[in-house]
Amino acid sequence: MLPIRLLAISGSLRGESSNGSLLLAAQALAPEGVEVVLYGGMGDLPLFNPDLDEDPGPPAVVDLRDQLRAADGVIISSPEYAHGVPGALKNALDWVVGSGELVDKSVALWNASPTSTYAHAALVEILTVMSARLLPEASIAIPLRRGMSAEEIAEDSDFAEMIRAALAGFSAPGISPVAERAVP
């Protein structure tokens, strides 16, 4: 049986972001049967422009859409900028509104700072409009200290337990591996 493949998207472009470290820790802590794949193309996406949204579209957009289609679920770990969703993440979501890769897709929202509630609420609204299937049981807010590495997060027993429990939320009924996957 294929493992459950989760596409992990950091809403931050910063190389040492807490959200990116959180997703790297999830990759290290993923149980057998769960594959966490990190999306690394956020900074390559052009600004959304409907005039460019033609088949096949810009290569970075095609890659994002292909990776979303190949995923059984999505984890979005996002910071909050000025009480909102970071522009790069909103741009990525804009590229898949019309093409529908998130329609009925299982999505968990992760947050490396529980005080960042405005971006979380905005993402819930955006993803609901996009018809994603939000998974509260797989969504977490972890109070990371600034600058924590993925290894430090994974080695912290409380954080590791929260991450494992969130990943287990993708094992709920109705979430199964995508039957046909493109060979990477």
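By a nonpolar core I mean a set of buried Ala, Val, Leu, Ile, Met, Phe, Trp, Tyr and Cys residues that are joined through side-chain atoms within 4.5 Å. Please keep in mind throughout that what we are looking at is a predicted model.

With that in hand, let me begin with the largest nonpolar core, which has 28 residues, and in which Leu22, Trp110, Leu144, Ile153 and Ile163 touch the most other members. Two or more residues of this core come from each of strand E1 (4–10), helix H1 (18–29), E2, strand E4 (106–111), helix H5 (150–155) and helix H6 (157–168). If we take Ile153 as an example, and leave aside residues up to four places away in sequence, we find that Ile153 touches Ser21, Leu22, Ala25, Leu144, Met148, Phe159, Ala160 and Ile163. Apart from this core lies another one, of 26 residues, and among its members are Met42, Ala60, Val85 and Leu123.

Now to the helices. Two packed helices are described by the angle between their axes and the distance between the axes. For H1 and H6, the axes come within 10 Å and cross at roughly 75 degrees, and these two helices are therefore roughly perpendicular to each other. Where they meet, H1 contributes Leu22, Ala25, Ala26 and Leu29, while H6 contributes Ala160, Ile163, Arg164 and Leu167.

How do H3 and helix H4 (residues 117–129) cross? Their axes come within 11 Å, at an angle of roughly 10 degrees, which means that H3 is roughly parallel to H4. On the H3 side the contact is made by Leu89, Lys90 and Leu93, and on the H4 side by Leu123, Ile126 and Leu127.

Helix H2, to which I turn next, has 12 residues and reaches 16 Å from its first C-alpha to its last, close to the 16 Å expected at 1.5 Å a residue. Its buried residues are Ala60, Val61, Leu64, Arg65, Leu68 and Ala70, and these buried residues of H2 pack against E1, strand E3 (73–77) and H3.

Finally, a search of the whole structure finds 1 aromatic pair. The partners are Phe48 and Trp95, which are arranged edge-to-face, at 4.9 Å centre to centre and with 80 degrees between the planes. Phe48 lies in the loop between strand E2 (34–38) and helix H2 (59–70), whereas Trp95 lies in helix H3 (residues 87–95), so the pair ties together parts that are 47 residues apart in sequence.

How values were computed: Residues are numbered from 1 along each chain as its sequence is written. This is a predicted model: local features need pLDDT of at least 70, side-chain atom pairs count only at pLDDT 80 or more; totals for chains, interfaces and linings use all residues. Side-chain values use heavy atoms; hydrogens and water are left out. Rings of Phe, Tyr and Trp (its six-membered ring) pair if their centres lie within 6.5 Å; planes under 30 degrees apart count as stacked, over 60 as edge-to-face and the rest as tilted. Helices (H or I, at least four residues) and strands (E, at least two) are DSSP runs, numbered from the N terminus. Buried means under 20% relative accessible area, exposed over 50%, partly exposed in between (1.4 Å probe, protein chains only). Contact means heavy atoms within 4.5 Å. The expected span of a helix is 1.5 Å times one less than its number of residues. Axes are lines fitted to C-alpha atoms, for helices over the stretch in contact, and angles run from 0 to 180 degrees between N-to-C directions. Angles under 35 degrees count as roughly parallel, over 145 as roughly antiparallel, 65 to 115 as roughly perpendicular and the rest as oblique.
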